[in-house]
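Subject: Structure handover

Hello,

Here is the structure we talked about. Please open it next to this email and follow along.

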Number of protein chains: 4
Amino acid sequence: MCGVFGMFSLSEEAAPATYLGLYALQHRGQESAGMVVSDGKKMRSHKGMGLVSQVFEEEALAGLPGQVSVGHVRYATQGAAHIANAQPLMAVTRHGPIALAQSGNLTNANLLRVELLQTGFTFQTTTDSEVILGLVAAHEGPSLQEALRQAAQRLTGAFALCAMTHDRLIGLRDPLGIQPLSIGRSGSAWFLASESCAFDAIGAELVRDVRPGEMVIIDREGLRSEQFAKGVREAFCVFEFIYFARPDSVISGKTVHEVRKEIGRRLAKQAAIDADVVIPAPDSAASAALGYAEASGIPYDVALAKNRYVGRTFIRPTESLRQLGVQIKLNPIAASLKGKRVILVDDSIVRGTTSRKTIKLLRGAGAREVHMAVASPPFSHPCHYGIDVPSQDELIASGRSLDEVRRLIGADSLHYLDAEALYEAIGVEGGGLCTACFGGGYPTPIEDADPSFPEFLEGEMVPR
Amino acid sequence: MCGVFGMFSLSEEAAPATYLGLYALQHRGQESAGMVVSDGKKMRSHKGMGLVSQVFEEEALAGLPGQVSVGHVRYATQGAAHIANAQPLMAVTRHGPIALAQSGNLTNANLLRVELLQTGFTFQTTTDSEVILGLVAAHEGPSLQEALRQAAQRLTGAFALCAMTHDRLIGLRDPLGIQPLSIGRSGSAWFLASESCAFDAIGAELVRDVRPGEMVIIDREGLRSEQFAKGVREAFCVFEFIYFARPDSVISGKTVHEVRKEIGRRLAKQAAIDADVVIPAPDSAASAALGYAEASGIPYDVALAKNRYVGRTFIRPTESLRQLGVQIKLNPIAASLKGKRVILVDDSIVRGTTSRKTIKLLRGAGAREVHMAVASPPFSHPCHYGIDVPSQDELIASGRSLDEVRRLIGADSLHYLDAEALYEAIGVEGGGLCTACFGGGYPTPIEDADPSFPEFLEGEMVPR
Amino acid sequence: MCGVFGMFSLSEEAAPATYLGLYALQHRGQESAGMVVSDGKKMRSHKGMGLVSQVFEEEALAGLPGQVSVGHVRYATQGAAHIANAQPLMAVTRHGPIALAQSGNLTNANLLRVELLQTGFTFQTTTDSEVILGLVAAHEGPSLQEALRQAAQRLTGAFALCAMTHDRLIGLRDPLGIQPLSIGRSGSAWFLASESCAFDAIGAELVRDVRPGEMVIIDREGLRSEQFAKGVREAFCVFEFIYFARPDSVISGKTVHEVRKEIGRRLAKQAAIDADVVIPAPDSAASAALGYAEASGIPYDVALAKNRYVGRTFIRPTESLRQLGVQIKLNPIAASLKGKRVILVDDSIVRGTTSRKTIKLLRGAGAREVHMAVASPPFSHPCHYGIDVPSQDELIASGRSLDEVRRLIGADSLHYLDAEALYEAIGVEGGGLCTACFGGGYPTPIEDADPSFPEFLEGEMVPR
Amino acid sequence: MCGVFGMFSLSEEAAPATYLGLYALQHRGQESAGMVVSDGKKMRSHKGMGLVSQVFEEEALAGLPGQVSVGHVRYATQGAAHIANAQPLMAVTRHGPIALAQSGNLTNANLLRVELLQTGFTFQTTTDSEVILGLVAAHEGPSLQEALRQAAQRLTGAFALCAMTHDRLIGLRDPLGIQPLSIGRSGSAWFLASESCAFDAIGAELVRDVRPGEMVIIDREGLRSEQFAKGVREAFCVFEFIYFARPDSVISGKTVHEVRKEIGRRLAKQAAIDADVVIPAPDSAASAALGYAEASGIPYDVALAKNRYVGRTFIRPTESLRQLGVQIKLNPIAASLKGKRVILVDDSIVRGTTSRKTIKLLRGAGAREVHMAVASPPFSHPCHYGIDVPSQDELIASGRSLDEVRRLIGADSLHYLDAEALYEAIGVEGGGLCTACFGGGYPTPIEDADPSFPEFLEGEMVPR
């Protein structure tokens, strides 16, 4: 999914606020982090592999003076996990130096790449952002703003874009509004971010979401808006509500935690199960499980907790240790599960392997029955817009009956939330959401150009 | 508090299991980690600063062959945060090579140090374990077992000790049972650990706790037990139940999570508050808050969550960012708090600064009232047995009335759990617990020797 | 100056040989190192800041399979010291994926940049190589070879270029032959390198130098050559012979060490000094000093040695230590200097600070007289072709008389080698060398475009 | 061999000077480095694996305030390469806190270890220094000075020791003076160091060598001396003059470089060879080769140079690269060697592998004849005092005739220096030097206790 952040201020140093904003967006991508800051004369970039707190030591922030910035946290989807693919991109163009940070995937990137190559453009990364850079640079018009508008009109797919020059911050959101992008403000400083939780982290207020097909331009004159495209419909990614967004973020005026609790309540009504305890699958299903417990009257418990000290667990256990599986990271509390009929609430099932392990773990801890309640419809189709899901044949719900899935994961019963109920809980009609992953149809064309194009190029840089 | 682990096996490689055991005990100490493993001929040690997963790369484990081991995770209390103070200690003595891992603090360590210095012993660290090493080495008797027994009889304070030779694992627990130490088993392999969650992590079963004043000897012949001291009373650290132990651990036959839920229920009965929502203070109060919600009938919510991506947040924010305080790491969900009367459940209040910030944060997110319910009595006295608490004058409850504390933290009302109710919830009489931190009297003498002794020596090693 | 390396083989893995070649060229640049290797389907790049042995761990080489490669060691001149500026560059173009490694500086880079920007090209680095990439990509013709030829005809300045596609290695040397580039061979494998010492390191034989204005194309068919430009004159960098090249390299058929000894002999004849001992300035003047000693009959001694354990010496000494200056790294041997009349031979004097310190050190060690003999004419003009020299006003010989310089460095007498004698020692007429740094006139135009262009962009990446 | 350094000052910060001193002694040991500094109240230690410049970052030095210090660079001989074995040792004893840094090996260490274990002492390292610590701690007398004197009288073997308390620096040198130790002074500050080059590095003056069997005590009162033992003879390590010491050091009033040149002259007289050029084996034979060239009248050349960019060369070359052998690090200059009769001067031959490779390399570069002239007698016996030499059967000169050795290394002729001539060159009679490695007899008893004792214990610490 990736997370983007942008800032325009006349007085406040941008780097610390951008750091905090990216830190708050960390859940949207942990592969790499970066920011570009301009002091009006120089743009300086700092990027690295890993978490925001690992990439930005205090010294790095001190080396990024200036009041205008864009930042990025990357979640690898298209393009290999290399520093060369870390964002923001920074380049000198005919419009002067610009920097770009983008979330979401284009679905016509390769078509555009082929076209740009013919004009003499080259690609040093496999990011979609470099395609946008090429379109912007190709435009002869007088201003970056105009170049960005025309570039944006060429793009198909999902994108939320933060672009900057020395004295301007520009935000764009795809015509269907698949990707989220919000506007924040604090005094005379303006902000853009994938989620409003980034504004909370820096004491700024959420002004509103950027509209589908809207370009906002922020500079000394304040914020101006123009519509670069008129979407035929809105198609906001439903998975942001289900799983991806942070519970304290506000999207389309709704707090994600409250939406998820309502989803849980709907799930309880739709799938009434006779049981003793409701427990959330770690880590993201707590809100839905609370709603389920509330609506069902069945007690909520946290009898399955994650080891707080996560970290790369590389260990290759001996044969006798191998059977332990996920137990290193998950702690079932036997005394709270023994003899109980358990409802395990999860936000979704993708491959099903985690569900199977978790259910086995619960039974091993003494649970008498394990019923699986899923806070979304069956995940049956791949996402082309930025969520990193496996190919269709790895999706457990693809081409299998409910009972087949139930048996594969080892549950006593399995309950998915109906699409209808999901839309009601979110409070929008189906038409306003992208539900392609639930078989709802892709809201944009998917390009048919040679998909192996990005494989031409594989780069890696050693960390020194 | 620190965490200790020990293993004796005839066939299973000890290093991977010890790694997993220490990983499960990580919550007991994050400053350093280490293990010593013997293959019957050589003892090899590997220690480092940081988390278990940082200290032990796969290569390190591969370099530690053998079937007998002791391990340690350190939580700095006595002794500075240096690699020189990392445990286990490993030394050649007149009884051959031995290794020691200890949790808990001695209260007569300096008296013993002075005595040992006079015999020609020297101290290269400031750990209590080196004092035990000195006592063991001083003993002329024929066996390490006898030396350990006599050494243990000289010790005052809290200790759980795992000692090993090339072919023997020995566990000792202080006469009052202040520190926890449990016995586990899996096939022919035996284990010792500070908490039973370490056994779960490696698929072993909890056999029983080591008894106060007991020494268990594990070797080819199996497990033997002898009583090196008879405690006049039992005084298990009440704070293990309240805060320190992992919820899935079983202590004295009771699962910590269930004990904490019961504590929460008692708190609800004792402190009935008219409110709209119960929320736990992050991270450790979830169990008590669940119990409170259950007994009070007031809905439980997780409207105050921690940023999952913890990490050293070094950033020194600009003035305008500085006011944000804890908000970087804590995410209050305004929509779930706005206009609500909130009960904030925490396990204890030490300095009070965190409580004050959290309450301020809740109010900032729109909470109409914030009532603080604490799952333990006022924390008024320092701990001499291993919990790292500030000096008495920094304890907010020391010498202040309930109302003074309430005003300092900014709560609408403040409720502590009575000691009586706490004991009932745990299911033991007061006599069986160490409650010195609640003003309950120290169960052992506290030495009066020059407390600056360890300051003589301050060592540091550079990480290369 | 930078060092470049290229390899084409049908059977031999390229990465290890490229590693050894770059290792041998390390003296040409220590800022960054990198290589690109193709296995016919994928190009893989690995770059990093620091020495070859630091950037390429064994794992990195193992991850670079293939038989065609280009490599680079960078010596910062134009472009800031950032990983973004490390070479080789690798990009997808209309001619497919290519990689480029270049040494030397263009003198019309900014003019070309401005031109390329107008076509929609963008610059993500401040390297000259990206300019060449842009020219190549702009060319519509059918082949990379043709594109490179036409690009090369647009370039002014000094360049030695190694370019590659999946199945071809191409080398180009500037029309005046300012930069060195040689061809090597071992069995069926072909090599290109800045200096022949790289061929020795891999057991290959020096075939010949690439000719000024020549393009060599190496593929399955073997090596072909064409002349992309006909230089009006040859202007090989004289400083390669004086200082830069490794003594065991063969350039224009001459071994550098032997040339330098001859230079020393000429210097002795021209500047006959009555003295007791000849000592070389560390590290590069040994060859010249040997020649001087031989021709003068005055004994050679190494009474001034460098500490073998170089390394970043960051220490900020206390006031009383500060006066020690270079003495940490240089060891004068008082017993060998005391009362002696010393001839200090150095290859050149740039700022003069090192000479002043060294002479002071020799006097402090007891030298009675210190005469400075310099194996080149006064260095009076900046280099625009790749040697990183300070601005003209920092050159001690710029605008100062011989006696002024002598007094500034504190020598009893100062002797420069005449340009005539230098050319004779090298064995070419003045016309065949670039002697611009000695006031000999720049052999190419120097562009007048806005020199601040590269300052537009400043990038940095954190090493993770 | 290791290097030691000590400092006592009333005003000057010790850490920077100790850093510079250790940096100058780096050639004596590259495995680990460390120092202990006292500010009169606290001793602080900082140690690490690697070079002085790697272990001591600026921050580390800033954390070591105080005016009294001891430092150490370690060259692994006895005791494995672990941080646990890095020196100085720092410990609290009955005499208060002390720190110890030692060079040289004891030959009765294991006998003393066994004795100390029986008193209750333990060993946490495998260093000889911990044995000295045990003896000092065992002594009941009133002062550290007395304890050190009595401890020193128990020691057999080679040792130079720097010991310190909060307000005193003490130096001891073994009764035979096998190990070097010198006294330096600068204003009111006193220094001890293995070699006088450390004094040069900090602007101090060499006062004199510590005498065999002497203990010097430096404190507020200045320097006092007493003789703790009267050696029956002096036996200074001849290898210090031949190879180990830095050429600019002054030992016994003689500058090492001058001694080595004289050795070279004697070698030329003893082994007159008809040849064209004299070249030194890298890196240490330059002085001897200069002397040889001077006395023989045959020109000196540096036609075999080391790659300046040393570093761990881990690369496992492919089969075709493997034959290249040492050529990566050594650069023979063919033009200077072709057709020449070469005299290769080296300081000694140990295993002979390096000589064989070097000779092969010279022949490969075109040398017509290669004659090997060695500036010492055949190295035939292992060293028990600190030089890390292989076991006797790996010494090429052990049990082989001159001609056998010559054939093994592939030389046209082989010439060793006679012991007589060596002593004359050094200027002392044979009785004043330890020449055990040349079959001259060990000047001390070599203990017969179980040599496997240190194997009891093997420790390792991870660098975090």
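Below is what was found, chain by chain.

Please keep in mind that this is a predicted model.

Chain A: domains

Start with the overall layout of chain A. There is a domain 1, covering 3–235, and a domain 2, made of 255–307 + 323–428. Their C-alpha centres are 35 Å apart. The two domains touch: domain 1 of chain A gives 10 residues to the contact, and domain 2 of chain A gives four residues. On the domain 1 side, six of the residues are polar and four are nonpolar. No charged residues occur on that side.

Chain A: a helix pair

Next, look at helix α5 (residues 128–138) and helix α6 (residues 144–154) of chain A. The axes of these helices are 8 Å apart, and the packing angle is about 125°. The angle therefore makes α5(A) oblique to α6(A). The crossing of α5(A) past α6(A) is right-handed.

Which residues in α5(A) meet α6(A)? They are Ile132(A), Leu135(A) and Val136(A). Across from them, α6(A) brings Leu144(A), Ala147(A), Leu148(A), Ala151(A) and Arg154(A). By class, this contact has seven nonpolar residues, one charged and no polar.

Chain A: a backbone detail

Ser252(A) is worth a look. Its phi is near 50°, a positive value in a residue other than glycine. Ser252(A) sits in the loop between β15 (250–251) and β16 (254–255) of chain A.

Chain C: the sheet

Now move to chain C. Six strands form an open sheet there, in the order β5-β6-β7-β8-β12-β13, and the pairing is antiparallel. At the edges are β5 (89–93) and β13 (222–227) of chain C, each pairing on one side only. On average, neighbouring strands of the sheet are turned by 20° against each other, direction ignored.

Strand β6 (residues 96–103) of chain C runs antiparallel to strand β7 (residues 160–165) of chain C, with five bridges between them. Ala99(C) is opposite Met164(C) in β7(C).

Pro88(B) is in the loop between β4 (68–74) and β5 (89–93) of chain B.

Chain C has a cis bond between Gln87(C) and Pro88(C), where omega is about 0°. Pro88(C) is found in the loop between β4 (68–74) and β5 of chain C.

Best wishes

How values were computed:
Residues are numbered from 1 along each chain as its sequence is written. Chains are lettered from A and ligands numbered from 1 in the order in which they are written. This is a predicted model: local features need pLDDT of at least 70, side-chain atom pairs count only at pLDDT 80 or more; totals for chains, interfaces and linings use all residues. Domain bounds come from an automatic or database domain assignment. Two residues are in contact if their C-beta atoms, placed from the backbone, lie within 7 Å. Ala, Val, Leu, Ile, Met, Phe, Trp, Tyr, Cys and Pro count as nonpolar, Asp, Glu, Lys and Arg as charged, and the others, Gly among them, as polar. Axes are lines fitted to C-alpha atoms, for helices over the stretch in contact, and angles run from 0 to 180 degrees between N-to-C directions. Helices (H or I, at least four residues) and strands (E, at least two) are DSSP runs, numbered from the N terminus. Angles under 35 degrees count as roughly parallel, over 145 as roughly antiparallel, 65 to 115 as roughly perpendicular and the rest as oblique. A crossing is left-handed if the near helix is turned anticlockwise from the far one by less than a right angle, and right-handed if clockwise. Two strands pair if DSSP finds at least two bridges between them.
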